[in-house]
Amino acid sequence: MKQYTKFNNISGWAVFAIAAWVFLSTIEMTGSFWDCGEFIAAAYKLQIGHPPGAPLFLMLSRIMTLFAGADVKDVPLMVNAFSAIMSAFAVLFTFWTITAIARKIVFVKNQEPTLAQILTVVASGVVGALAFTFTDSFWFSAVEGGVYATSQFFTCIVVWAVFKWENVADEKHSIRWIILIAYLMGLSIGVHLLNLLCIPALALVYYFRKYPFSWMGVAKTMGIALVILMVVQYGIIAGFVNIGAKIDLWFNQSGSSLWTGFVVYSLIILAALTYGIYYSQKKQKALLNTILLSFAFLLLGYTSYAQIVVRSLANPPMDENNPENAFALLGYLNREQYGDRPLGYGQYYDAKVVGQTEGAMSYTAIDGKYIPTGAKVIPEYDPARCTVFPRMYSREPNHVSAYKEWSGIKGEQKPEFSNNLKYFFSYQMNHMFWRYFMWNFVGRQNDIQGHGSILKGNWISGIPFIDSMFLGPQDKLPDSMKNNKARNTFYFLPLLLGLAGLVYHYKKDMNNANVVMLLFIMTVLAIVIYLNQTPYQPRERDYAYAGAFYAFCIWIGLGVAAIADALKKRMPETTAAMLATLLCLVVPTVMAKEGWDDHNRSYRYTSRDFAYNYLNSCAPNAVIFTNGDNDTFPLWYIQDVEGVRTDVRVINLSLLNTDWYIDQIKRKAYESDPVPFTLNTKQYVQGTRDYIPFYDRSVQGYSDLKDIIEFITSDNPEAKVRSEGGDEFNYLPTKKFRIKVDKQAVIKNNVVEAKDTSKIVDYIEFEISKNYIMKADLMILDLIAHNDWTRPIYFAVTVGNDSYLNLENYFQTEGLAYRFVPIKAAADPSGQTGSVAAERMYDNMMNKFMWGNMKDERVYLDQNNLNMTMNFRNNFARLSETLLQENEPDSAVKVLDKCLVEMPDKTVPYNIMMLRIAELYYRSTMSNALPDSLQILL
C-alpha cells in the first residue's frame, strides 16, 4: 500500500496545483457583481454583511487582504484568490474522496494492489476531480469573492473526513475523526449552511460501517440523521440564541445591562458541557462522551458568530441589522428581513386572508433597555384554499401569471394540488435544478437568463439532431448566438461517464453508492423544497447546487474504473487501465476547453468601474438612492476599500424600510455628513409607520409636504384612524404634494447649471399613484421636504419607477443617476426620464467615467454586464441628442465616437440601441462621419 499511498498523495497535490492554476488564472481582478462587493468590503474592515452573516469567511478573507500591501486595489484580488485557493482544496479533497471510494471497489482485500489497480484508482480521482474543477457552477464561484467556494470546501473536506474515519473505525482514538467532523460543521456555519446537508450521508456511512445492513436500520439511521439536522439548524443555530435572548430580556427587565443574561446562560451551558464530558469519561460512557464532545466542538466552531456582535458594537459603516443585542442577533440569524414562505402547509396564491394572529413580541434596545415594538402579525388564510406542500403561494401579479403558465392553469381556474405538483416538477425541479445539472454535464446554450424561452439559458449538447428536438433547428442561428462565449457543448460526455460510474458503483458497492446518492438527493431535493422559489428569480441560482454537482463528479471519477473494468476483459489489465485513463481524460479536457473563455474574468473591471461611475455622477456631499445588489454592493466596496467618493451617502431603498438602517444613515460615515432626516427614532422604530395607507379626506389641491410629514408623524389621536381591531395608526390624507422652492438656495448651492436658472419653478408639485406609502417612501418624502437644497439628491438610473414617487418630471440626468432639481422637464416623446444637464454629463462621461476595460477583446461580458451597457449606450445617445439640440454637433459626434470606442461590437454586440446611435451620427454630420461598422444600420 505504500506505493499506492505515494501515488495517491502526489497525484492529489498535482490535481490541486492544476485547479489552483486554473482558478488563479481566471479570477476577476476586482470585485464582482451581486454579493461579492459587499463581502469584500465587509472582510476588509470586518463589517456586518447581510443576514445570516458569514463571520468565519470574513475573518479568513481579512487575513488574505493583509497580503495586498499598500495598494488597496489589490484587496479584492486577494479575496478572490482566497476563493480560488479554497476551491482548489475542495478539488483536492474531491480527488481523495473518489480514490477512497474507488480503492474499496478496485483493490482486492488483503492483497497488495497491482500497478493497474493503482492506476485505475488514481485515474478515477484525477478525472472526477478535474471534471469538478471545470463544472460551470463551481468554476463560477471559484473566481470571485463570495462564500460559495469556501462553503464547498467544507462540504468536500467533511465527506473526505468521514471516509477517513471509515478506514480506521476499529482503531483506537478513531472517534477523533467524528469530533473533527463536528468541529468542521460548526465552522462551516460561519460560512454557509449548505454544509449541514451532508449530515444524513455521513450518518449512513457510520451505519454501514458499524452495523449489518437492514432496511429498518437504514430507516432509523435516516430518522436520527434528520433529527440531528433539525437540532443543528433550529435548535443550535437559532434556538441557542433564542433561549439566550429570552433570558437576557428577563435579566434586563430586572435591572441588568444588555447581554448579562446571555452571558450567564452561556456560562451555564459551558459548565454543563464540561461536567457532562467529565462524567462520561469517569463512568466510561463512550457514546455519551462522543455526543457531548461533538456538541462542544460544534458549538466551538459556531462561536465565530461572536465576531458579528463584537464588530456590530463598534458601529462600522456597514452594520446590517445592527445585531448588537440578543434579539437583533436572533433576527439576523433568522433572516427576518427577507420575510417568510410556507413550506409544509400553507396557502395557494388565490387564498383570501380571513384573519390574523399575533406571533412573538419584537424587542428593540433603546438606551440600554429592551423596548417591546409590537408582536409579529401572522395572516390567517382561508383553509379551503390552503394545502400541504404549498408551492404556488405568492400573490405578486407576475408570479401568479407565471404559476399559471408553468402549472397549466387556464384563465381564472383555481389552482389544485395537481397544479401545485406540476409547478414543483416543471419549474422548481426541472427549470431550477435539472436545467442547471445539464448545463454542467451536457452543455449550456448561453448565459442569458430565461424563464422558459427556447432562446435563453437552456441546456444544449452540441449534437444537432438532439438539440433540435428540444430547442428547434440549430443550423440557422445568428452568429451572435453561435459565437456566444457562454455557448458550451460537452456532447453528453460528462453525463454519460457519470452514469456509467453510478451504475458501476451500485453494482460493486451498493452501500457506498447509497451514501453518494443520498448526498446528491439532499443537496438537490432539500434545497429545492426549502427555497420554495417563486418565478422570475433576479438571477440564476445554479451556485446553490454545487454540492449535487460535486456528488455527481464522484461518479464521473468512478466511470474511469467502470471503463477499465470493461476493457480488461479484452486486453491486459494495465493496458486497459491506461486506455481508460486516456479516453476519460477527454471529458475534463472538453469541459475546460469549452468553459475557459466565458469563465475567464482576468481582464474585467466592470463592477468596480461602474460603481466609480455611479458615485462620480454625483455632486459633492450627495445622497444617492439605489435599489438592488448590483447598484449598491459595488458602491459600498469602492467607498469602503478604495476610499472613492466617501462624501457621497449611498442609501439602499430596500433597507430603508428598517429602523436600524435609518439609524445608521443618520450617523456620519467617512466624509459623508449625517442624512438630515427630521424623524426621531420613536417615530420610525420597527412596528411604527411601517405601512401608511391612504384615506381620502377630500383635500383640495396640493398640500405642503412639510405639513403632511408633520401630520403623518403626529401622535395626536386626531391624526390617526382606528382599525376594526381597535388599533390606531397614522394615515395619508392626500396624494398630492407641493414643495416651495427657495430659488436663492438653489442658485447658491449650484443645484442647476447657470444657464438653467431661469427655468427654476416656484413650487414642485407631484402626485403619488399608489394608495399607501412604505417607511422608505416616508423617509424619502421627509428628506426632500426638509433638505432645502443643501444636499444634492440623486436616484440611480437602475432604480425602479415605483420608487421615484412620480418625481420624474423633476429629474435631471448627469450620468448614471438622476438628480432631483426644481426644473420641470419637458415631456419626452421617446419616454426618457427627466432632462439632461449636458455640460455636467459631458464632463462625467467623457472625462471622469471609467469603462471596465470593455474594449479589450479578451474581456467577456456576461448578461449582467451587458444589461448595464444598455444604460451606457442610452446615456451616450441622450447626451449626443441634447448637444445637437444645443447646436454643438462636434461635441455630439465626440460623444458617439466615445461610445463606439469604449463599447465595440466585438465585446458589446450591437443591439437595438445602436439604431439610435446611427441616427444621431447621421443627424450630426449628414452621415459623412458615420463609421463603416454602422453604415449597414442605415
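This is a predicted model: local features need pLDDT of at least 70, side-chain atom pairs count only at pLDDT 80 or more; totals for chains, interfaces and linings use all residues.
Glu-857 is exposed, with a relative accessible area of 52%.

The side chains of Lys-906 and Glu-857 form a salt bridge, 3.3 Å from N to O. This pair ties together distant parts of the chain, 49 residues apart. Lys-906 sits in the loop between α33 (889-902) and α34 (913-925). Glu-857 sits in the loop between α31 (838-848) and α32 (863-885).

Arg-209 is partly exposed, at 26% relative accessibility. Asp-170 is exposed, at 63%.

Arg-385 and Asp-350 make a salt bridge of 3.2 Å, N to O. Here the partners are 35 residues apart. Arg-385 is in the loop between β3 (369-381) and β4, while Asp-350 is in the loop between β1 (345-347) and β2 (353-366). Arg-385 has a relative accessible area of 11%, so it is buried. Asp-350 is partly exposed, at 22%.

## The wider count

How many salt bridges are there? The count comes to 39. Some residues join up in a network of salt bridges: Glu-28, Glu-144, Arg-601, Arg-604 and Asp-862.

## A buried arginine without a salt bridge

Arg-391 is buried, yet it has no salt bridge.

Arg-391 lies in the loop between β4 (386-388) and α15 (397-407). What does its side chain meet instead? It makes a polar contact of 3.1 Å with the side chain of Gln-428. Beyond its neighbours within four places in sequence, Arg-391 is in contact with several residues, including Leu-343, Tyr-403, Tyr-423, Phe-424 and Val-528.

## Two crossing helices

Helix α15 packs against helix α16 (residues 417-441). Their axes are 8 Å apart, at an angle of about 95°. The two helices are therefore roughly perpendicular. From α15, the contact uses Tyr-403, Trp-406 and Ser-407. From α16, the residues include Asn-419, Lys-422, Tyr-423 and His-431.

How values were computed. Residues are numbered from 1 along each chain as its sequence is written. Side-chain values use heavy atoms; hydrogens and water are left out. Helices (H or I, at least four residues) and strands (E, at least two) are DSSP runs, numbered from the N terminus. Buried means under 20% relative accessible area, exposed over 50%, partly exposed in between (1.4 Å probe, protein chains only). Lys and Arg count as positive and Asp and Glu as negative; His and the chain ends are not counted. A salt bridge is a side-chain nitrogen of Lys or Arg within 4 Å of a carboxyl oxygen of Asp or Glu. A polar contact is a pair of N or O atoms within 3.5 Å; within protein, one must be able to donate a hydrogen and the other to accept it, and residues adjacent in sequence count only if both atoms are side-chain atoms. Contact means heavy atoms within 4.5 Å. Axes are lines fitted to C-alpha atoms, for helices over the stretch in contact, and angles run from 0 to 180 degrees between N-to-C directions. Angles under 35 degrees count as roughly parallel, over 145 as roughly antiparallel, 65 to 115 as roughly perpendicular and the rest as oblique.
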